[in-house]
Amino acid sequence: MNKALFLLIVISAFGCRKDDDNANPTVIPYQDGLTTNFITVNNITRKYLVYRPTGMTTVNAVVTVLHGGGGLGLDVAELGTHPLSVFRTIADSERFLVIYPEGSLDIQGNPGWNDCRSDDISGSQGDDITFLKQLNAKLVSDLTINSSKMYLTGTSNGALMTYSYAFQFPETIKAIAVSSGNLPEFTENGVCTNGSSIPLPILLTHGTSDPAMPANGGCVANLGGGCNRGKVISQTATISYWIQRNGLQNITPAISNFDVNTTDAGNVEKRVYNGAKPLVYYVLNNAGHSVASKTVYLNSSPANGVQNRDIEYAEEVWNFFKGLQ
C-alpha cells in the first residue's frame with residue numbers, strides 16, 4: 001500500500017467517526033434567537049415566543065415562563081425589561097429552550113391568565129389551561145422529548161396559573177416554580193377544587209410586604225377596592241399545602257440567611273425541605289410584588305412595593321430545576 005492511499009484511508013476513517021458522532025442531532029423546529037410562534041386551540045390562534053440559544057442542537061430542558069397579568073404580557077421576554085427575561089441569558093450558557101406563552105385578554109384588554117380563582121371577575125376568561133396543555137404536548141412531540149424535561153414557572157397571575165396547571169396536568173411536567181403567588185381562597189369547581197395530589201418539586205419566592213399578593217392572604221391587587229381580582233390564602237397556608245402534597249411534613253428545613261444588596265428592602269431567608277419531591281422557599285423580607293433580581297431593577301410603587309435585589313429569580317429557579325435532572 002502506498003503512502004497516499006494509506007493517508008486517504010486514515011482521513012476517511014476519522015471523517016466517518018466525526019459524522020457518526022453527529023449523525024442524529026436533535027431536530028429543533030425553531031430558529032436561533034427569539035421567535036414568534038402560533039398554535040390553534042379550539043379554533044383560536046394563540047401566540048408564544050421561543051428562545052433558542054444560538055447553535056443549540058440538543059434539548060436538555062424546556063422552561064415555560066408565564067408572565068403576570070395587567071399589561072406587560074410578552075414584553076417580559078425583552079432583555080433588560082423584566083427579570084423573567086434573564087432566563088434567556090442563562091439559557092445561552094446552560095443550553096435549554098425558553099418558552100414565553102401569551103395569556104388571554106382580561107376585561108381591560110390586557111393579557112393574563114384564567115387560573116383557578118372563581119371570584120376573579122375582572123381577569124382573563126380564555127381557555128388558558130387547554131392552551132398550555134396543548135402547547136406542552138406540542139413541544140414534547142416536536143422536540144421528541146418527554147415530560148422529564150418540561151418545567152413551568154410564573155409570577156403573580158402567572159404563578160396562580162402555574163398552580164392551576166399543577167392541579168390539572170402535573171404528570172406532564174417535571175417541576176414548577178412561582179414568584180409572588182398564593183393559592184386561591186375560592187377555587188372553581190372541578191379539578192381546581194379536587195385536583196391532582198401528585199407531588200411536584202416546587203420553588204417559591206414571596207415578599208413579606210407584597211401589596212398585590214398579600215403574604216397574609218386576602219384580596220389580590222386591590223388598590224382600587226372592590227376585591228374584583230378575587231382572594232388568596234396566606235403564603236404560610238400555601239407552603240403548608242405543598243409540604244403536605246410533597247410528603248415533607250416530617251422534614252426540618254435547612255435555613256440560611258443572606259443580604260447581598262443592603263440597599264433594598266431587606267434580607268432573604270431560604271428554607272430547603274429536602275425529599276424525593278423537594279420544596280425550596282425564599283422569604284423576601286420587607287420586599288414587595290416584583291420578581292427578585294440582581295440585574296434588572298424595577299422601580300418601587302404603591303402597586304408593587306419594593307423589589308428584592310439579593311437573588312436572581314431566574315438563576316435560582318434554573319439551579320433548582322437543573323438539580324432535579
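**Aromatic rings**

I looked for aromatic clusters and found that Tyr163, Phe167, Tyr241 and Trp242 form one. I paired rings of Phe, Tyr and Trp (its six-membered ring) if their centres lie within 6.5 Å, with planes under 30 degrees apart taken as stacked, over 60 as edge-to-face and the rest as tilted. The model is predicted, so I note that local features need pLDDT of at least 70 and side-chain atom pairs count only at pLDDT 80 or more, while totals for chains, interfaces and linings use all residues. Residues are numbered from 1 along each chain as its sequence is written, and side-chain values use heavy atoms, with hydrogens and water left out.

By the pairing rule I get nine aromatic pairs. Phe87 lies in helix H2 (residues 86–94) and Tyr313 in helix H6 (residues 313–323), so the pair ties together parts 226 residues apart in sequence. I took helices (H or I, at least four residues) and strands (E, at least two) as DSSP runs, numbered from the N terminus.

Buried here means under 20% relative accessible area, exposed over 50%, and partly exposed in between (1.4 Å probe, protein chains only).

**Charges over rings**

I counted a charge as over a ring if NZ of Lys or CZ of Arg is within 6 Å of the ring centre and within 35 degrees of the ring normal. The charged end of Lys133 sits over the ring of Phe169, 5.2 Å from its centre. Arg309 lies over the face of Tyr297, 3.8 Å from the ring centre.

**Helix H3**

Helix H3 (residues 128–143) has 16 residues and reaches 22 Å from its first C-alpha to its last, close to the 22 Å expected at 1.5 Å a residue. The expected span is 1.5 Å times one less than the number of residues. Buried residues of H3 include Phe131, Leu132, Leu135 and Leu139. Down the axis of H3, its buried residues fall within an arc of 160°, so they line one face of the helix; the arc is that of the directions from the helix axis to the C-beta atoms. Thr144 follows H3 and has a positive phi, near 55°.

**The sheet**

I traced an open sheet of 10 strands with mixed pairing, in the order S1-S2-S4-S3-S7-S8-S9-S14-S13-S12. Two strands pair if DSSP finds at least two bridges between them. Strands S1 (33–41) and S12 (254–258) stand at the edges with a single partner strand each, so one side of each is left without a neighbour in the sheet.

I then checked strand S4 (residues 97–101), where five of its five residues are buried. Leu97, Ile99 and Pro101 are on one side, Val98 and Tyr100 on the other. Four bridges join S4 to strand S2 (residues 44–52), running antiparallel, and Tyr48 stands opposite Pro101. Three bridges join S3 to S4, which run parallel. Val62 has Leu97 as its bridge partner in S4 and stands opposite Met150 in S7.
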